[in-house]
Amino acid sequence: VALHDEYVSGEPFFPTTSGIRVQKCCGTYRVWEKIMTGSGWKSQFGGSHLKEIPLTEEFKFWADECGKAFGGLDLFAVDALKQVDPATGSVKYIIIELNGSACGFQSDSWLEDSITLAK
């Protein structure tokens, strides 16, 4: 940074054991918990296991609010980190990004989601 005259930003480290992805496709919601298996939360291959979990009111709220961006989105995903306090067991989520239509479909639901999107 000291050698260049460019823009730099930083963000705090959030210790976490899993991530959450809330996908909304034309009114259909899906939620996955990304459980880390060793190589980090951001790894799609060999570093995490995706488990579909129930849609909660909180996750639905995230999707509905984010879906209003840019005049309305039909296909997108919201990614968050999940923190669990080891002392109390309380859960906190930190939303880290909104992914547009390039969010992709998961292998177990891609056909159904593709048909939903095409209608």
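## A walk through the fold and its aromatic rings

Let's start with contacts, meaning heavy atoms within 4.5 Å: of those in the protein chain with a separation of 6 or more, 46% come from residues 24 or more positions apart. Keep in mind that this is a predicted model, where local features need pLDDT of at least 70, side-chain atom pairs count only at pLDDT 80 or more, and totals for chains, interfaces and linings use all residues. Residues are numbered from 1 along each chain as its sequence is written, and side-chain values use heavy atoms, with hydrogens and water left out.

Now for the layout. The protein chain has two helices and five strands, taken from DSSP runs numbered from the N terminus (helices are H or I with at least four residues, strands are E with at least two).

Rings of Phe, Tyr and Trp (its six-membered ring) pair if their centres lie within 6.5 Å, and planes under 30 degrees apart count as stacked, over 60 as edge-to-face and the rest as tilted. Phe 59 and Tyr 93 have ring centres 5.4 Å apart and planes at 75°, so they sit edge-to-face. Because Phe 59 is in helix 1 (residues 57-66) and Tyr 93 in strand 5 (residues 91-99), this pair ties together parts that are 34 residues apart in sequence. Ring pairs also bring in Trp 62, making a cluster of Phe 59, Trp 62 and Tyr 93.

How covered are these rings' residues? Buried means under 20% relative accessible area, exposed over 50%, and partly exposed in between (1.4 Å probe, protein chains only). Phe 59 counts as buried at 2% relative accessibility, while Tyr 93, at 24%, is partly exposed.
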